[in-house]
Amino acid sequence: MNIPQRGCLERYGMNEFIRTERLIGTENMTRLAGLTIAVFGVGGVGSHCIEALARCGVGHLVLVDNDVVSESNINRQCVAWHSTLGQAKTQVMKERIRDISPAAQVDTFETFVLPENLEGLMDSMGHVDYLVDAIDTVSAKIALAQYAGTRRIPMIASMGTGNKLHGELFEIADIYDTSVCPLCRVMRKELKTRGVSRLKVLYSREQPLTPVLPSREDGPRRSVPGSISFVPPVAGLLIAGEVVRELLGIS
């Protein structure tokens, strides 16, 4: 009986990544184990992206989010259950990663990202190989794009995933090649004004639906986007795939 060689997986003491190693090889598994990826936003897109990166064997993940799990997150976020309500999203995600990939290092920052605190936050992280923007605030998204561009750090940003029903329409492109998406329109204008010449994004040309306010919702009418279980997770998984392929040089 031939016993297959486990290669770099010996350090884990278990077979959780053996199927991945068979697909991309021992050398690439070793490279992933040595990478640091920072994900800003642990929501519908970010949480699924992080989980996919952990399941690929990425060795060091940095999670940035100041929010806690709420009931309205349960329909789409992998950190959200009734049992995690009120808990910090970063900490729930950290425990989830620990159960998936015990050897991974996970650092968390329970911080709201602002243009004025971004540089200090990045200094606290140390070396980062890739940045993933999965946050909603336009000013923070712009600041991240500027930071990454100036320091030549690879980055991908998630554009709007709310008010959509067709995850199969997501695509990855440069921000200046996008259309339809309202967030892309704002980002193109703001980035051009600031001299940012390129930014890899995930976006969709699906026309967003108009959200309906449920009759049971009390209080003032707010422009809160609708969401569904099968759209933001697709965006997160597509981003994770793009990050891994780019870092490993796999087309």
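Reply: β1 and β2 pair in the parallel sense over five bridges. Two strands count as paired if DSSP finds at least two bridges between them. Strands (E, at least two residues) and helices (H or I, at least four) are DSSP runs, numbered from the N terminus. This is a predicted model, where local features need pLDDT of at least 70, side-chain atom pairs count only at pLDDT 80 or more, and totals for chains, interfaces and linings use all residues. Residues are numbered from 1 along each chain as its sequence is written, and side-chain values use heavy atoms, with hydrogens and water left out.

Isoleucine 37 stands opposite leucine 61 in β2.

Now look at the two sides of β1. Thr36, Ala38 and Phe40 point one way. Ile37 and Val39 point the other way. Each of these residues is buried. Buried means under 20% relative accessible area; exposed is over 50%, and partly exposed is in between (1.4 Å probe, protein chains only). Five of the five residues of β1 are buried, so the strand is largely enclosed by the rest of the structure.

What is around β1? The largest nonpolar core has 40 residues. Such a core is a set of buried Ala, Val, Leu, Ile, Met, Phe, Trp, Tyr and Cys residues joined through side-chain atoms within 4.5 Å. Those with the most contacts inside this core are Ile37, Leu53, Leu61, Ile97, Val132 and Val243. Elements that give two or more residues to this core include β1 (36-40), α3 (46-56), β2 (60-64) and α8 (232-248). α8 gives the most, with seven residues. In soluble globular proteins, nonpolar side chains tend to be buried together.

Take leucine 53 next. Leave aside its neighbours within four places in sequence. Leucine 53 is then in contact (heavy atoms within 4.5 Å) with Ile37, Val39, Val58, Leu61, Ala240, Val243 and Val244. Ile37 and Val39 point the one way from β1, and leucine 53 is in contact with both. Leu61 is also on that contact list, and Leu61 is the residue of β2 that stands opposite Ile37.
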